[in-house]
Amino acid sequence: MSNGSFPPEPGRRGGTLAIVLAALIPACFAGWLLWSSVGGAKDDGAGGTGGTGAPTTSSTSSPPPPSSGASGASGASGASGASATPSPSGEASGDVPGEGSGKTLKGKVVVIDPGHNPHNRDHPSQISRSVDIGTEEKECDTTGTATNSGYPEASFTLDVARRARTLLEARGATVRFTQDGDRPYGPCVDERAEIGNKAHADAVVSVHADGAAARERGFHVILPKSVRGGGADTSAITVPSRHLGERLLDRFERATGSEPARYIGDGSGLDVRGDLGGLNLSTVPKVFIECGNMRDSQDAAELTDAAWRGRAARGIAQGITDFLNE
């Protein structure tokens, strides 16, 4: 021990230690509170923050998709997930943006009729022959129209129809086509109707695109007129077909953002016709949908876009789903 120092007495040593501890403990506790309040601690758990306190997911990430049961009501136009972005292919886990189908189509039969046939142009004599549509005679089929750049209606209708088939089958529906690009031409309009009739389809949709004048825009749905004559009798299907058409109109508009055509009828997007064999000869609910005008540059830009065709297919599939679950 050092020269001139003496060990403290036991009582004095204990008292000194108690005084020191009494001073240090409050100071340490205060320091810890100050350090904690300025963010010194890190949360690397499920809270989603790292050492900097920034979110671990990118701020540009899309919001999570809504659950399939988020909105099953057909009239819910302002669904919270409406800003969800479709995948580049045009397919998405949802149907109409912000809405899942929420409904099954098990046991339902749907016939999709892709308008025209990519090979019709190679068989002019066969498709130009006349067939009986009940009230008159018309051509077996036509080549369809095309955009100014040469994209054929027949290619468009097959692509949209195939996309819609995928969605409907995922919901449990049995889906049949009138043609899948697997026939040399046709089928003729009378056979197209017969395919739906023989399948006892719960709904038939014929997919088309229009060939109107430039600067005429929009889509429309064609409904069967009440006709009777020869082999035609639509008296039993006009009402359910209108219901199907109305559901398609609503869902297609919401899925694509397109507006009903103003150059057809009264601008409502619904047109009633009695001169189409595919409708006149149908004995099951059936409509045509003209998805846009291929001769208009703005409509053509959408019709030739794969992502837009995906949205069109979802609108068609959801309209059919709504109709079959009424």
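Is G319 buried or exposed? In this predicted model, G319 counts as buried, at 0% relative accessibility. The residue lies in helix 8. Leaving aside residues up to four places away in sequence, G319 touches R247, L248 and R251. L248 is 71 residues from G319 in sequence, yet the two C-alpha atoms are 4.2 Å apart in space.

A second residue of helix 8 was examined. R309 lies in this helix, which spans residues 306-324. R309 is buried, with a relative accessible area of 10%. The cut-off for buried is under 20%. Beyond its neighbours within four places in sequence, R309 is in contact with Y151, F156, D159, V160, R163, L303 and T304.

The chain as a whole comes next. The protein chain contains 8 helices and 10 strands. Of its 326 residues, 42% are buried. Contacts between residues at least 6 apart in sequence were also counted. Among these, 78% join residues at least 24 apart.

Strand 1 and strand 4 run parallel and are joined by 4 bridges. One of the bridge pairs links V109 to T174 in strand 4. Strand 1 also pairs with strand 5 in the parallel sense, here over 5 bridges. In that pairing, V111 has V204 of strand 5 as its bridge partner.

How many of the 6 residues of strand 1 are buried? The count is 6 of 6, so strand 1 is largely enclosed by the rest of the structure. In a regular strand, side chains alternate between the two faces of the sheet. Both faces of strand 1 are covered. V109, V111 and D113 are buried on one side, and V110, I112 and P114 are buried on the other.

V221 has I289 in strand 10 as its bridge partner.

The largest pocket has a volume of about 520 Å³. Its lining comprises 27 residues, of which H116, T142, H208, L276 and F288 are the closest to the centre. By class, the lining divides into 6 nonpolar, 10 polar and 11 charged residues.

Which elements each supply at least two residues of this lining? The strands are strand 3 (137-139), strand 5 (203-210), strand 6 (220-224), strand 9 (270-273) and strand 10 (286-293). The helices are helix 4 (189-198) and helix 6 (277-280). Strand 5 gives the largest share, with 4 residues.

Backbone geometry was examined last. Most residues other than glycine have a negative phi, and most peptide bonds are trans. H116 has a positive phi of about 65° although it is not a glycine. The residue is placed in the loop between strand 1 and helix 2 (124-128). H116 counts as buried, at 9% relative accessibility. H116 is also among the residues closest to the centre of the largest pocket.

R215 is likewise a residue other than glycine with a positive phi, near 75°. R215 lies in the loop between strand 5 and strand 6. The residue is exposed, with a relative accessible area of 73%.

A cis peptide bond joins G186 and P187, with omega about 10°. P187 lies in the loop between strand 4 and helix 4.

Terms used. Residues numbered from 1 in each chain as written. Predicted model: local features only at pLDDT ≥ 70, side-chain atom pairs only at ≥ 80, totals over all residues. Heavy atoms only, no water. 1 Å grid on protein atoms, 1.4 Å probe; cavity = no way out; pocket = protein on both sides within 12 Å on 5 of 7 lines; lining within 4 Å. Points joined across faces, edges and corners; volume = space filled by probe spheres on them. Nonpolar A, V, L, I, M, F, W, Y, C, P; charged D, E, K, R; others polar. Pairing = 2+ DSSP bridges. Buried < 20%, exposed > 50% of the residue type's maximum accessible area, 1.4 Å probe, protein only. Contact = heavy atoms within 4.5 Å.
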